[in-house]
Amino acid sequence: MTHYVDSEVGRLRTVLLHRPGPELARLTPRNNDSLLFDAIPWVGRAQEEHDAFAAALRERGVEVLYLATLLAETLAVAEARAELTDQVLRDPRLGDTLRRRVADHLAYLDPAGLADVLVAGLAHDEVRTSGDRPGGLVYALMDRHDFVIDPLPNLLFTRDSSLWIRDRVGVTSLAMPARRRETSLTHAIYRHHPRFAGSESIYHPGLEHLEGGDVLLLAPGVIAVGVGERTTPAGAERLARQTLAAGLAHTMLVVPIAQERATMHLDTVCTMVDVDAVLMYPNIADTLTAYTVVAGPDGEPRIDGPAPFLRAAADAMDLDRLRVIDTGLDPVTAEREQWDDGNNTLALAPRLCVGYERNVGTNAQLERAGIEIVPIAGSELGSGRGGPRCMSCPLVRDPLPG
């Protein structure tokens, strides 16, 4: 199987999703902030919304793969099982006695059961124990609601933990402690699952912080990387070095964005909806800048700028200009719909994208610009601050001429 992505808008053929499950039911008012959710989602409704999202993709010819299924199949490989088990057992919070108990607990599970625990976590009262002090001092002093293995509710947002640039996979380096274990699961899948045998890597979790929501493939050979709350300048520089040296891109645009929750990733303020059109939050359209990075004669990255983002992007894409479609119909609507992931669309093909139905003003703007919208519900899915693009990692798109 050849996996290949060289743009944001080439016809989507295969995508990686994660259907939300028991890990969302672990969220409570005590832990939702630390687990990066703004509200406690209704899990059943979130699953219904996600199922409708997946169905809309399938109806348009997209192959949908589920991360949990791939993970269970990966855990049937002894090396992968040992690697991921060892990763959770290395947690210094456990102590020796509880670590042995957890190891015994995990060893008992089949691949599907282990996959469930690695995603949904393991609570204090779920550990198989025996004796008066089954987990030693650590277990005795834990609150019964504490987690021995933390859940991963943000695994829903498969865009962040991996990305494809042409035929290379990048497993990212997530900035927030609550999300860092996500990449160990994704990394194991890409290295051990038979479907991805022979895939070459362009990034891995041990490198500087870089998240997939900050990486936009504007056109074949042109990549934009947002630098802000999640992706660091060092992460952008590392990706530039890797992609330019490998010939995967000729230009990278490094785009500073506000280090705020509302603009955590570049794709919260800007996504491509056609080969020459971008959906963009109007409050920053005129102020967003970019540094242009290309390979110098000595192979070292050469940096120019900053320049206005829209001008730099058009130049790198060899366009006279980028068409800009505004989020919302007025400043207040724009602010509301940007917060509700109005910019975070997933292109299925040029001029065809998926967006949340609640962003009525933004969807009307897109339709007036000749972009067909596939509307989906997202009242519960959006509680973790993410839209259709955040919830999807394209594995195969039709190439665009470049």
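**Exercise 1. Surroundings of A224**

Determine which residues A224 contacts, leaving aside its neighbours within four places in sequence, and decide whether A224 is buried or exposed.

*Solution.* The structure is a predicted model.
Step 1. Beyond its neighbours within four places in sequence, A224 is in contact with D214, V215, L216, L218, L253, V255, L266 and F309.
Step 2. A224 belongs to strand β9, residues 222-227.
Step 3. The C-alpha atoms of A224 and V254 are 5.9 Å apart, although 30 residues separate the two along the chain.
Step 4. The relative accessibility of A224 is 0%, so A224 is classed as buried; the cut-off for this class is under 20%.

**Exercise 2. The nonpolar cores**

Identify the residues with the most contacts inside the largest nonpolar core, and state which helix gives the most to this core.

*Solution.* 
Step 1. The largest nonpolar core comprises 60 residues, and Y190 and L395 have the most contacts inside it.
Step 2. The main contributor to this core is helix α6 (residues 111-120), which gives 5 residues.
Step 3. Another core, of 28 residues, lies apart from it; L218, A224, V255 and C270 are among its members.
Step 4. As general background, nonpolar side chains in soluble globular proteins tend to be buried together.

**Exercise 3. Y190 and its aromatic partners**

Classify the geometry of the aromatic pair formed by W164 and Y190, and locate both residues in the secondary structure.

*Solution.* 
Step 1. The whole structure contains 3 aromatic pairs according to the search.
Step 2. In the pair of W164 and Y190, the centres are 5.7 Å apart and the planes make an angle of 80°. An angle over 60 degrees counts as edge-to-face, and the pair is accordingly edge-to-face.
Step 3. The pair links distant parts of the chain, with W164 in strand β5 (residues 162-165) and Y190 in helix α9 (residues 180-192), 26 residues apart.
Step 4. Both W164 and Y190 are buried.
Step 5. One aromatic cluster is formed by W164, Y190 and F196.
Step 6. Not counting residues up to four places away in sequence, Y190 touches L16, S162, W164, V169, V171, F196, C393 and L395.

**Exercise 4. The largest pocket and the largest cavity**

Describe the lining of the largest pocket and of the largest cavity, with the classes of residue in each.

*Solution.* 
Step 1. The largest pocket holds about 300 Å³ of space.
Step 2. Its lining has 16 residues, and Q87, D91, R93, D150 and R181 lie nearest its centre.
Step 3. At least two lining residues come from each of α4 (78-89), β4 (147-149) and α9.
Step 4. The classes in the pocket lining are 9 nonpolar, 1 polar and 6 charged.
Step 5. The search finds 5 cavities of 30 Å³ or more; the largest cavity has about 120 Å³ of space.
Step 6. The largest cavity is lined by 14 residues, of which E8, R159, L163, W164 and R389 are the closest to its centre.
Step 7. β5, β8 (215-219) and β19 (393-397) give two or more residues to the cavity lining.
Step 8. The classes in the cavity lining are 7 nonpolar, 3 polar and 4 charged.

Conventions. Residues are numbered from 1 along each chain as its sequence is written. This is a predicted model: local features need pLDDT of at least 70, side-chain atom pairs count only at pLDDT 80 or more; totals for chains, interfaces and linings use all residues. Side-chain values use heavy atoms; hydrogens and water are left out. A nonpolar core is a set of buried Ala, Val, Leu, Ile, Met, Phe, Trp, Tyr and Cys residues joined through side-chain atoms within 4.5 Å. Buried means under 20% relative accessible area, exposed over 50%, partly exposed in between (1.4 Å probe, protein chains only). Helices (H or I, at least four residues) and strands (E, at least two) are DSSP runs, numbered from the N terminus. Contact means heavy atoms within 4.5 Å. Rings of Phe, Tyr and Trp (its six-membered ring) pair if their centres lie within 6.5 Å; planes under 30 degrees apart count as stacked, over 60 as edge-to-face and the rest as tilted. On a 1 Å grid over the protein atoms alone, a cavity is a set of points where a 1.4 Å probe fits but cannot get out, and a pocket is an open set with protein on both sides within 12 Å along at least five of seven lines; lining residues have an atom within 4 Å of a point. Grid points are joined across faces, edges and corners, and a volume is the space filled by probe spheres set on the points. Ala, Val, Leu, Ile, Met, Phe, Trp, Tyr, Cys and Pro count as nonpolar, Asp, Glu, Lys and Arg as charged, and the others, Gly among them, as polar.
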